[in-house]
Amino acid sequence: MDVKTGFFYLFSVVLLFAAFRVVTARNPVHAVLYLMLAFSQASAVWFLLNAEFLAILLVLVYLGAVMVLFLFVVMMLDIGIDTVRKGFWKNFPLAATLGAIVALEMAAVLLSGFRVSEAPVMGNGALPVDNAKALGILLYTEYLMPIQIAAAILLVAMIAAIALTLRERKDSKAIDPSTQVKVRASDRMQVVKMAPTQAAPAPVAPTDAAPVEVKK
């Protein structure tokens, strides 16, 4: 077994462990962290399979943006674990059955779809050009217009999401900036004149006390 095969098995074992912990972790934050670990191991496996573009895309998009967003959302929501886990064992048989069916279907498709073959070579015996470079050249030359259309659609979707989030609602606590600019110091604080305070007089000892007789 060569070094590449050893790394493949190492990354695959860590990937399977992380995927299992995503499902079985009791803390949602821990589940998201294990999912990030699973994505990183999948990216490493794709690097070993000479799929550099997919590996870099997985790291930049999922680990760099989506999973960080998921992590912050889960941390801010403060999900009640006890409430979420109610009825888990009641629905477990149905979920396990559906999961087994999906796993069998995926295994049947994958095992029948992959064939062991040699790496493709060029006519002069050299390996083909890097797939990430070839894909980039193809995207920004022949498919430049679809890329621009997809970018415009994503921009419109982002603006729509911001507009829907910032719309006026009854439970919104947003403050109008124009109102903040127009505010004056006299509207926030008022100086009130009060009479000066004096120290209370010292207590005077009582003088009507009976004299004490001193015996000689």
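## Overall composition

Of the 216 residues of the protein, 10% count as buried, where buried means under 20% relative accessible area, exposed over 50% and partly exposed in between, with a 1.4 Å probe and protein chains only. This is a predicted model, in which local features need pLDDT of at least 70 and side-chain atom pairs count only at pLDDT 80 or more, whereas totals for chains, interfaces and linings use all residues. Residues are numbered from 1 along each chain as its sequence is written, and side-chain values use heavy atoms, with hydrogens and water left out.

The protein has nine helices and zero strands; helices (H or I, at least four residues) and strands (E, at least two) are DSSP runs numbered from the N terminus. From the N terminus on, the order of elements is α-α-α-α-α-α-α-α-α. Among the contacts with a separation of 6 or more, 56% join residues 24 or more positions apart, a contact being heavy atoms within 4.5 Å.

## Packing of H1 against H2

The axes of helix H1 (residues 3-24) and H2 come within 8 Å and cross at roughly 155°. Such axes are lines fitted to C-alpha atoms, for helices over the stretch in contact, and angles run from 0 to 180 degrees between N-to-C directions. H1 and H2 are therefore roughly antiparallel to each other; angles under 35 degrees count as roughly parallel, over 145 as roughly antiparallel, 65 to 115 as roughly perpendicular and the rest as oblique.

H1 passes H2 in a left-handed crossing, a term used if the near helix is turned anticlockwise from the far one by less than a right angle, with right-handed used if clockwise. Residues of H1 that make the contact include Phe7, Phe8, Phe11, Val14 and Leu15, and those of H2 include Tyr34, Leu35, Gln41 and Val45.

Gln41 lies in helix H2 and counts as buried at 13% relative accessibility. Leaving aside its neighbours within four places in sequence, Gln41 is in contact with Phe11, Val14 and Leu15.

Ser43 is also placed in helix H2 (residues 28-48) and is buried, with a relative accessible area of 3%. Not counting residues up to four places away in sequence, Ser43 touches Ala55, Leu58 and Val59.

## The largest nonpolar core

A nonpolar core is a set of buried Ala, Val, Leu, Ile, Met, Phe, Trp, Tyr and Cys residues joined through side-chain atoms within 4.5 Å. The largest one has six residues: Val32, Met36, Leu63, Met67, Leu71 and Val74. H2 and helix H3 (52-77) are the elements that give two or more residues to this core, and H3 gives the most, with four residues.

Val32 touches Met67, Phe70, Leu71 and Val74, again not counting residues up to four places away in sequence.

## Aromatic pairs

Rings of Phe, Tyr and Trp (its six-membered ring) pair if their centres lie within 6.5 Å; planes under 30 degrees apart count as stacked, over 60 as edge-to-face and the rest as tilted. The count comes to four aromatic pairs. One of them joins Phe8 and Tyr9 edge-to-face, at 5.8 Å centre to centre and 75° between the planes. Phe8 is partly exposed at 30% relative accessibility, and Tyr9 is partly exposed at 48%.

The rings of Phe39 and Tyr62 have their centres 5.3 Å apart and their planes at 50°, so this pair is tilted. The pair links distant parts of the chain, with Phe39 in helix H2 and Tyr62 in helix H3, 23 residues apart. Tyr62 counts as partly exposed, at 38% relative accessibility.
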